[in-house]
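Me: Could you walk me through this one? I have the sequence and the structure open.

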Amino acid sequence: MSDNKITKTNIVGFLCNWCSYAGADMTGLGRNIYPSNIKIIRIPCTGRMDPMMIIEAFHNGADGVLVSGCHPGDCHYSEGNFYWRRRYPHLKSLLEHFGIDKRRFHASWVSASEGKKFAEVVKKVTAEVKDWQENG
Amino acid sequence: MTNIYKPHIAKVVEIKVETGDIKSFKFQFVDPAAQKAFTWKAGQFLILNIFGVGEAVFTFANPQTRNEYIECSIRKVGLVSEAIHELEVGDSVGIRGPYGNWFPFEKWHGKNLLYVAGGVGLAALRSPIEFALDNKQDFKNITILYGARSPLDLCYKDKFSDWETIKDTQMILTADKGSEGWKHKVGFVPAVLKEVHPSPKDTVAIICGPPIMIKFVLKELLDLGFTPEQIVTTLEMKMKCGLGKCGRCNVKHLYICKDGPVFTYAELKDLPDEY
Amino acid sequence: MDKELQELIKKLLTEKKAEWAVGYEKSYDEFSTSPAFVNDPAAAGRLLFNKYCINNLGSYLNKLKKNKVAVVCKGCDIATVFELIREKQFKRENVTIIGVACEGVVDKRTGKLLEKCENCAVKQPVGADFTLGTAKNSPKPKSFEDVALFEKKSSKEKAEFWERQFEKCIRCYACRNVCPVCYCPDCFAQRSMPEYLSKHVEAGENKLFHMVRMQHVFGRCTDCKACDTACPVNIPLSLLTKKLAKDAKELFNYESGADTDARPPLSTYDEGDSESDIM
Amino acid sequence: MTYLISKENINALLTSLLAAKTVYAPKKDAEETVLFGKLGSAAEWHGASLLTHTTAKDKVYLQSESLFKIKKGKDGVQIEEPAEPEEIVIFGCRPCDARGFDVINKLFNWSNFVDEYYTKRMEKTTVITISCEKPESTCFCTSFAKGGPVNETGSDLLLTPQKDGNYFAEAVSEKGKKVVSENSKLFSEAPVNALQEKADFKTAAETKIVKKLDLAAIKKLMEPAFEAAYWDTVHLPCVKCGACTYVCPTCYCFDITEKAFDNLNSERVRNWDTCMSEIFTRMAGGVNPRTDTKKRFRQRFMHKFNYHVDNFKEELCTGCGRCIKACPVSIDIRKVIEGIK
């Protein structure tokens, strides 16, 4: 995204089916407002999150990526998010090395009941991505 | 200069399901003049473009004597063929060609023709079969031996009765495994060929099918007394351009797309085993 | 050392301790060597070892995994062999590691000593079945200075740097094909259904390839520099592989190829793992 | 037509060419990679007569070339062909590179099919070659009938350095003559001893080429050697990357793929391909006549020095030696074909 005029902010959200996806639902039910920049893709578990899909998302023009799953200890498959918790810092560091700013890639834990938190997370991610877009 | 990679735009006019994974498509050019100018000879092939997906090589299923449309029978195996199977009547495709050499029918006047086909291999032989039937006066007896894994896997079932009614034409059908109501032969093509025992005298054998069938049919034919010059086949090879340029169908000094795909067994014997 | 090496391999082949021996031989001039495959004891005389023996022969073990193989390894190459054993690509007992003491190898393109050889702690090989020659290890540890310096750049500068590098990339896949741990029989880069990577060669697609490859070898790459030295257009891939080594060390205190029983960092976890950056 | 151009005027010639056309010449970057790059000014030209890392082939036969764009709409499918290519100059390539164009020109024009993408681009390309002063240990151009450090095949203008640093210029084609006539002020009459100097230059350069192969004899040996046990072991070091074929001035194999932008728009693209790749001959459905790495390795040499000679009466090789240098495991093409018994 090299052109200076920023028209859109596209964020891809990979949400785990059991917690964060339900949490995003809860956000709507609780009438919490969050930026519409995020496009949500449901995944079975953050442990299933293939780093290649994140790289592809950036390659295909995503400005930001958020991966969100269950809190540690609450994984539906007991340990999926523990694996993700290792993949995330490594991938973030590697992407940063390739020039994909660390403000563009985030992870969060959002449980099915944390609708409010999900809205906060999306707001924060959007603000970070916009900060990168505007201030470089 | 004309752009040799640019296809003619054509539309799907008819789709017919042949077997579980084979469909036949009839295409007609959007430009009727181009359709008229587009002529080919039995044995040649074309390159079909599915816009947004890519292009792939297929043989003509209909002969030049029935050229008001272009027909192809396509088995679902890869990226492009899968997209073709999704096509509906009225969809646009691109066609470029024709490419390659053809069956030398002019050399075969006054001879018997023996066609041996297996599975989807009949798609490549339908064009030469129908060409010969349309010019039956030039040839003596025509025998068509066709086999598939099961009766359900036979292509062009509706054509057989038309073909058989033509004078001195014989159809022999076989299935590796029969099923209820199957009145024809049961067994592999080479075994049936041995049983039928055609005479090599004044006969040309034209074969197409899976490699394993070709291997054993060749052996039978040679045992029956056919010479390598009397056996003709058409090769399948990965091709991209059809123009003798992209290099992938290169075997020895030949480019299968340009110097083939029709070869006599005598010619093939000299080629290394890389096709 | 050459004489000693030839005698040893001759002996191993004669005694059927190995069916194949993989070593080095002279190539087109005195500054170049090629991998040599020897199965006839009489042909062992071709083999040699010198500072131009840059290839990592460990990568050939995947090809000969059904055979008993003797392989000539510099100290650094032994990490590759161990990593492949850890990945269960072949059995330890089928491999005879012939360690050769090494004072560093020279890049045939520049004539300079490889950067990794400057602070090398395995000039004298460790873990080999036979060791030939002696060399003095560097007292200084491996330096990550260049990576650290690059990390200080802004993400924009980094992106521009890689853009310029990947514009040069011709996607010959030399980096992937020489890589000992890139042995997938059906690499994502050549799949057509689905097509992860287009065959179109341009900086963006090339970058995608390298990003995914680097991610795939994280925690497995031994930073052997085979890809870096293989590149026909001198893309500094070392800057990436070294980053992987640095991250593995800093994030997970892990070093590839050090232990044949280890679990690589991404295929295990610890309940106490840090999560400072997760919201 | 022969002339003289002084070393000072070479830069003036470059500046003059740059004013009218895109000029590609060897450029060196921070990683010491020397590639044919677009020149911004004459000063960017990396003067020394070097073997660039990749050839100038990709300036005429693009590594990824858009054949046409496809737009699907209500009124059917529109095929949009690309704009006409621009005029370019390839400056400062070696004779072996220039001859590469001569070799692939034939291929792109044979069998009744003229490839207009390549041909149009070639027509608009002027090749200005500098005779090769420093052959390397990998060079073997003198093994070819039309090869050699001062050979003009494929060039439009051939510049041969003289002892005093000036260049002896030979306009080989109409395009070459046009360069001279449009810049006539920069060229002067060739001195009488110029041809003698060129002959001396040639002798000096040729003595640096250590290997000369008898390619006719090798071809005779290759024909029956297809099944030879030699191939079983000689391919073992090869890692089957495509470096050798992508840096080659004569390798031409390609693939045609489609790049979809969205449901309605796509682009048909021609990409270089390599016979070393496993998927090169793999058919949809998985059948592959050359699965074996040995078969692919053999195909490359057979094609270059045997099959291509049958069709075109010349080898698919110019002896530039780049494949030897680019090979990650230093496989020497000369050694491989010489070893055939």
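Predicted model: local features only at pLDDT ≥ 70, side-chain atom pairs only at ≥ 80, totals over all residues.

Me: OK, what does helix H1 of chain C lie across?

Reply: Helix H1(C), residues 2-14, lies across strands E1 (20-26), E2, E3 (69-74), E4 and E5 of chain C, and runs at about 155° to E1(C). Helices (H or I, at least four residues) and strands (E, at least two) are DSSP runs, numbered from the N terminus. Axes are lines fitted to C-alpha atoms, for helices over the stretch in contact, with angles from 0 to 180 degrees between N-to-C directions.

Me: And what does helix H2 of chain C touch?

Reply: H2(C), residues 75-86, packs on the sheet and touches E3 and E4 of chain C. Its direction makes about 135° with that of E3(C).

Me: What's the strand order in that sheet?

Reply: E2-E1-E3-E4-E5 in chain C, an open sheet of five strands with mixed pairing. Two strands pair if DSSP finds at least two bridges between them. E2 (33-38) and E5 (130-132) of chain C each have a single partner strand, so one side of each is left without a neighbour in the sheet.

Me: In what sense do E4 and E5 of chain C pair?

Reply: Parallel, over three bridges, with E4(C) covering residues 95-100. C:Ile98 has C:Phe130 in E5(C) as its bridge partner.

Me: Switching to chain D. Which residues stand opposite each other in E12(D) pairings?

Reply: D:Lys71 stands opposite D:Asn265, and D:Phe254 stands opposite D:Trp272. E4 (64-73) and E12 (265-272) of chain D pair in the antiparallel sense over seven bridges. E11(D), residues 254-260, also pairs with E12(D) in the antiparallel sense over seven bridges, and a hairpin of four residues joins E11(D) to E12(D).

Me: How many residues are in the contact of chain A with chain C?

Reply: 30 from chain A and 27 from chain C. H3(A), residues 80-97, gives the most to the chain A side, with 13 residues. By class that side has 14 nonpolar, eight polar and eight charged residues. Here Ala, Val, Leu, Ile, Met, Phe, Trp, Tyr, Cys and Pro count as nonpolar, Asp, Glu, Lys and Arg as charged, and the others, Gly among them, as polar.

Me: And chain B with chain D, how many there?

Reply: 33 residues of chain B are in contact with 40 residues of chain D. Strand E4 (54-59) and helix H2 (79-85) of chain B each supply at least two residues of the chain B side.

Me: Still in chain B, at what angle do H5 and H6 cross?

Reply: Roughly 20°, with the axes of H5(B) (189-196) and H6(B) (211-224) coming within 8 Å. That makes H5(B) roughly parallel to H6(B) (angles under 35 degrees count as roughly parallel, over 145 as roughly antiparallel, 65 to 115 as roughly perpendicular and the rest as oblique).

Me: Which residues meet there?

Reply: B:Val189, B:Pro190, B:Leu193 and B:Lys194 in H5(B) meet B:Met213, B:Phe216, B:Val217 and B:Glu220 in H6(B). By class, the residues of this contact are six nonpolar, no polar and two charged.

Note on methods: Residues numbered from 1 in each chain as written. Chains lettered and ligands numbered in written order. Contact = placed C-beta atoms within 7 Å.
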